[in-house]
Amino acid sequence: MPMYCFLANLSFLDISYTTTTVPQMPLHLLSKKKSISYTGCIIQMYIFLSLGITECVLYTVMVYDRHMAICHPLHYTLIMSRSVCVKMAASSWVGGFFFAMVHTSVTMRLPYCGPNEINHFFCEVPAILKLACADTRVTEVVVFVMGVILLMIPVFLILVSYVFILMAILRISSAAGRFKAFSTCTAHITTVTLSYGAAMFMYMRPAYSYAPERDKYFSFFYSVVSSLLNLQPEKQGCQRSAGQIDG
């Protein structure tokens, strides 16, 4: 089923996403030398952004899949063919790595002349911009515009899709049928709310409001915790959907 294709991509993304930052955290906690090279910082930022943006796009693709499954069940297998699923998943990856390249290039083009201490547990854009010794307003505008494109527009599309899904669910006559249809979407709604909410808080606000000690918790939440929470809820939603189709 197409859902399994997207879930496989999401699982791989979550594993890779946490691998980008988590292994270095215990090293910095246990070691006296807490450092990362300039090149290593760029690579970490680029990979982290690539996987994060890919996941945001993939969430939108997944809600489209569920919209088709619930609102157009008779045409679902025709519309969501294997080739279409592969193309949609591949587009998510290509878009993620492309926008991450733009994001990283805009951030790292600024001069950084010290101090070289990052008040964070990995190289994230807001923490890096605090170290720049030049005007960062243009970069902040670019980051905000990309936040609108990669966060606000997908959230809008997801909300519109769920409006149609809700309308389709309410037309189901039996309460059991409505529950089964809605249960396939609850895990997706939860993960989207948690991930997009934390990401918008981090990347769509003025730089002067950045508070390192507070924002570390938000970064840890959407980079580690939400990825760990993704696996079990999505698996349950998939099992519920399979049970609904078999029934």
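Let's start with a bond. Cys-113 and Cys-133 form a disulfide, with their sulfur atoms 2.2 Å apart. A disulfide here is a pair of cysteine sulfur atoms within 2.5 Å. Where do the two partners lie? Cys-113 lies in the loop between H5 and H6, and Cys-133 in the loop between H6 and helix H7 (137-170), so this pair ties together parts that are 20 residues apart in sequence. Helices are DSSP runs of H or I, at least four residues long, numbered from the N terminus.

A word on the source. This is a predicted model, where local features need pLDDT of at least 70, side-chain atom pairs count only at pLDDT 80 or more, and totals for chains, interfaces and linings use all residues. Residues are numbered from 1 along each chain as its sequence is written, and side-chain values use heavy atoms, leaving out hydrogens and water.

Back to our pair. Is Cys-113 buried or exposed? Cys-113 counts as exposed, at 57% relative accessibility. Cys-133 is partly exposed, at 38%. The cut-offs: buried is under 20% relative accessible area, exposed is over 50%, and partly exposed is in between, with a 1.4 Å probe and protein chains only.

Next bond. The whole structure has 2 disulfides. Cys-41 and Cys-123 form a disulfide too, sulfur atoms 2.1 Å apart. The torsion about its S-S bond is about -130°, so this disulfide is left-handed. Cys-41 sits in helix H3, and Cys-123 in the loop between helix H5 (82-108) and helix H6 (125-129), so the bond ties together parts 82 residues apart in sequence. Both Cys-41 and Cys-123 are buried.

Count the bonded cysteines along the chain, and the pattern is 1-3, 2-4. Cys-5 is in no disulfide; its nearest cysteine sulfur, that of Cys-85, is 5.5 Å away. Cys-5 is partly exposed, at 25% relative accessibility. Cys-85 is buried, at 3%.

Last stop: H3 again. The axes of H3 (residues 38-71) and H8 (residues 175-203) come within 11 Å and cross at roughly 150°. Axes are lines fitted to C-alpha atoms, for helices over the stretch in contact, and angles run from 0 to 180 degrees between N-to-C directions. H3 and H8 are therefore roughly antiparallel, a label for angles over 145 degrees. Who makes the contact, meaning heavy atoms within 4.5 Å? Among them are Phe-48 and Cys-56 of H3, and His-188 and Tyr-203 of H8.

Conventions. Helices (H or I, at least four residues) and strands (E, at least two) are DSSP runs, numbered from the N terminus. Angles under 35 degrees count as roughly parallel, over 145 as roughly antiparallel, 65 to 115 as roughly perpendicular and the rest as oblique. Contact means heavy atoms within 4.5 Å.
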